[in-house]
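Please go through the model below in question-and-answer form.

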Amino acid sequence: MTLAAARSVSAGAGDAIPRHVAIIMDGNGRWAKKRHLPRIAGHRKGIEAVRTVTRAARDLGIEVLTLYAFSSENWRRPAEEVGDLMGLLRRFIQSDLDELADAGVRLRVIGDLSAFAPDLRAMIDAAIARTSGNAGQTLAVALNYGSQDEMVRAFGRLAGAKTIDIAAIEGALDTAGLPPVDLLIRTSGEQRLSNFMLWQAAYAELLFVDTLWPDFDRDALAAALDAFGRRERRFGGL
């Protein structure tokens with residue numbers, strides 16, 4: 001859906017529940033440090049929060065949930081931590097795919113998967129294929145994702161096109177076919193977008209919360225939706 005279409009839908013249907021919620025899941029390391037635990041313990045607890053929040057999002061009627069799981073900059077972290085994160089991703093697919101499929105969730109992945117190991121890419125592709133026919137909530141996971149890189153790749157796809165307009169660019173992005181982001185949440189108290197969905201969040205409501213991601217739960221998501229519902233969205237109008 002184009003931004004213009006999204007404005008029309010929002011104007012006619014109200015904004016009590018955002019169609020598309022995106023979350024920058026930040027704070028796993030700090031959660032672990034506060035408890036004198038290794039960083040991997042924070043990432044494991046963060047996976048539990050992913051399960052809690054994805055289930056809550058379905059119950060609360062969110063059509064699309066996008067989670068920033070691994071950025072294109074995260075490769076700069078120590079190799080051991082990157083390896084741990086890849087292992088957690090594998091285990092999440094193995095342990096949670098059945099539940100997602102049975103719940104009618106359609107899995108999308110945004111980002112450049114070419115840097116991942118072949119077996120992990122195969123697992124991701126298989127998970128996407130298995131859920132592609134589902135008509136329930138869309139769960140989009142950002143892996144090796146950076147918004148600037150996404151736009152560079154999109155513009156490369158459009159090279160030579162006779163006409164390049166908003167609709168053409170949106171169709172070339174990793175999120176093609178998804179509605180624009182209505183609400184973007186970042187946990188842990190940091191107040192920046194960190195190269196996440198810069199195009200898609202052009203008119204998103206931004207919410208920065210102090211809660212560390214492993215502690216973000218159903219109540220925290222419901223509070224975020226309540227805050228969203230109290231905001232007036234004008235999209236540049238009066």
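Q: Which element gives the most residues to the lining of the largest pocket?
A: This is a predicted model, in which local features need pLDDT of at least 70, side-chain atom pairs count only at pLDDT 80 or more, and totals for chains, interfaces and linings use all residues. Residues are numbered from 1 along each chain as its sequence is written, and side-chain values use heavy atoms, with hydrogens and water left out. Helices (H or I, at least four residues) and strands (E, at least two) are DSSP runs, numbered from the N terminus. Among the elements with two or more lining residues are α2 (28–34), α3 (39–59) and α4 (79–102), and the top contributor, with 9 residues, is α4.

Q: What is the volume of the largest pocket?
A: On a 1 Å grid over the protein atoms alone, a pocket is an open set of points where a 1.4 Å probe fits, with protein on both sides within 12 Å along at least five of seven lines; lining residues have an atom within 4 Å of a point. Grid points are joined across faces, edges and corners, and a volume is the space filled by probe spheres set on the points. For the largest pocket this space is about 930 Å³.

Q: How many residues of the lining are nonpolar?
A: The lining has 41 residues, with M25, Y68, A69, F70 and N74 nearest the pocket centre. Ala, Val, Leu, Ile, Met, Phe, Trp, Tyr, Cys and Pro count as nonpolar, Asp, Glu, Lys and Arg as charged, and the others, Gly among them, as polar. The lining residues comprise 8 polar, 9 charged and, as nonpolar, 24.

Q: Is the ring pair of W213 and F216 stacked or edge-to-face?
A: Buried means under 20% relative accessible area, exposed over 50%, partly exposed in between (1.4 Å probe, protein chains only). W213 counts as buried at 1%, and F216 counts as buried at 2%. Their ring centres are 5.5 Å apart and their planes at 20°, so the pair is stacked.

Q: Is L65 buried or exposed?
A: L65 lies in strand β2 (residues 64–71). Contact means heavy atoms within 4.5 Å; beyond four places in sequence, the contacts of L65 include V21, I23, V53 and L139. With a relative accessibility of 0%, L65 counts as buried.

Q: What is phi of H36?
A: H36 sits in the loop between α2 and α3 and counts as exposed at 75% relative accessibility. Its phi is positive in a residue other than glycine, near 55°.

Q: Over which residues is the pLDDT below 50?
A: pLDDT is the predictor's confidence in each residue, from 0 to 100. The protein averages 93, and 93% of the residues score at least 70. Where pLDDT is low, the predicted coordinates should not be read in detail. The stretch with pLDDT below 50 covers residues 1–14.

Note on methods
Rings of Phe, Tyr and Trp (its six-membered ring) pair if their centres lie within 6.5 Å; planes under 30 degrees apart count as stacked, over 60 as edge-to-face and the rest as tilted.
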